[in-house]
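User: I'd like a close look at one part of this chain and how it sits in the rest of the fold. Take your time and walk me through it.

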Amino acid sequence: MQLYTNPNSPFARKVRVSALELGLADRIENLEVTLSPINPHAALGQHNPLEKIPALITDDGEALYDSPVICEYLDALAGGGRLIPTAGAARWMALRRQALADGIMDAAVLVRYETVLRPATLRWPEWREGQWHKIHTALDALEREQLGETFDIGAIAVACALGYLDLRFAESAWRAQRPQLAGWLDRITERESLRATRPV
Ligand code: BEZ
């Protein structure tokens with residue numbers, strides 16, 4: 001299998017952490033690409049019309065995207081139910097947590113593009129504040145949820161979202177009002193799969 005990826009993409013990191021946790025990382029060749037909405041990648045576009053990472057090329061030559069679909073595929077390949085519970089409350093909580101964390105990543109990456117890509121004269125502070133509002137309310141929800149030690153797809157996604165905030169928005173001080181979440185990340189960060197995929 002081949003994975004279109006970038007070391008700093010939180011969505012691609014979610015897939016790489018999942019592959020490591022499932023023992024499938026050795027079967028995946030990482031194809032590192034650099035791209036943005038104004039700098040697309042032609043080769044990637046042949047596989048994913050949205051020209052976004054991550055995209056996985058399976059051993060059958062099929063392209064899969066986006067990160068929830070790829071993670072579900074890898075989980076099934078490893079027997080199923082390993083990172084994504086198959087039924088019951090655990091399943092819906094894990095998937096909801098993944099959605100919350102993916103929403104944080106979406107908003108944070110948009111803020112990043114707004115800050116580094118958009119010409120200064122075209123920037124829109126209220127729009128950026130709107131994205132930060134989403135990030136803060138999602139972090140508050142995660143603080144209330146009190147994450148445990150289960151490292152399922154929800155926990156993987158949350159760890160990758162928080163890792164991206166630390167990478168690109170270290171000044172945001174998201175930990176200040178969220179001691180439970182901060183403590184959880186400190187503990188979980190020691191896992192080998194997260195250490196091995198730490199953004200550069
Ligand atoms: C980043 O460098 O912040 C980044 C890279 C790839 C995807 C999203 C964000």
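Where is Leu 117 found?

Analyst: Leu 117 is in the loop between helix 4 and helix 5. One thing to keep in mind throughout: this is a predicted model.

Let's begin with the loop residue itself. Leu 117 has a relative accessible area of 32%, so it counts as partly exposed. Once you set aside its neighbours within four places in sequence, its contacts are Ser 36, Pro 37, Ile 38 and Arg 112.

Helix 4 covers residues 88-116 and helix 5 covers residues 125-145; their axes come within 9 Å and cross at roughly 150°. An angle over 145 degrees counts as roughly antiparallel, and therefore helix 4 and helix 5 are roughly antiparallel to each other. As for handedness, helix 4 passes helix 5 in a left-handed crossing.

On the helix 4 side, the contact is made by Arg 96, Arg 97, Leu 100, Ile 104, Ala 107, Ala 108, Leu 110, Val 111, Glu 114 and Thr 115. Helix 5 answers with Trp 127, Arg 128, Gln 131, Trp 132, Ile 135, Ala 138, Leu 139, Ala 141, Leu 142 and Glu 145. Sort the residues of that contact by class and you get 13 nonpolar, 2 polar and 5 charged.

Arg 97 deserves a stop of its own. This residue of helix 4 has a relative accessibility of 18%, so it counts as buried; the cut-off for that is under 20%. Leaving out neighbours within four places in sequence, Arg 97 touches Leu 142, Glu 145, Leu 147, Gly 154 and Val 158.

Gln 146 lies in the loop between helix 5 and helix 6, and its phi is near 50°, a positive value in a residue that is not glycine. Gln 146 counts as exposed, at 51% relative accessibility. As background, most residues other than glycine have a negative phi, and most peptide bonds are trans.

Then come two cis peptide bonds. The bond from Ile 53 to Pro 54 is cis, with omega near 0°, and Pro 54 is in the loop between helix 2 (42-45) and strand 3 (55-57). The bond from Tyr 65 to Asp 66 is cis too, with omega near -5°; Asp 66 is placed in the loop between strand 4 (63-64) and helix 3 (67-77).

Back to helix 5, which has another partner. Its axis and that of helix 7 (residues 179-188) come within 8 Å and cross at roughly 75°, which means that helix 5 is roughly perpendicular to helix 7. Here Leu 139, Leu 142 and Glu 143 of helix 5 meet Pro 179, Gln 180 and Leu 181 of helix 7. By class, that contact has 4 nonpolar, 1 polar and 1 charged residues.

Finally, the wider setting. The chain has 8 helices and 4 strands, following the pattern β-α-β-α-β-β-α-α-α-α-α-α along the sequence. For 200 residues, a compact globule would have a radius of gyration near 16 Å, and the chain's 17 Å agrees with that. Its C-alpha atoms fill a box of roughly 45 × 40 × 30 Å along the principal axes. Buried residues account for 44% of the 200 in the chain. Of the contacts between residues at least 6 apart in sequence, 70% join residues at least 24 apart.

Key: Residues numbered from 1 in each chain as written. Predicted model: local features only at pLDDT ≥ 70, side-chain atom pairs only at ≥ 80, totals over all residues. Heavy atoms only, no water. Axes fitted to C-alpha atoms, helices over the stretch in contact; angles between N-to-C directions. Helix = DSSP H or I, 4+ residues; strand = E, 2+ residues; numbered from the N terminus. Parallel < 35°, antiparallel > 145°, perpendicular 65-115°, else oblique. Left-handed = near helix turned anticlockwise from the far one by under 90°. Contact = heavy atoms within 4.5 Å. Nonpolar A, V, L, I, M, F, W, Y, C, P; charged D, E, K, R; others polar. Rg over C-alpha atoms; globule rule 2.2 N^0.38 Å. Buried < 20%, exposed > 50% of the residue type's maximum accessible area, 1.4 Å probe, protein only.
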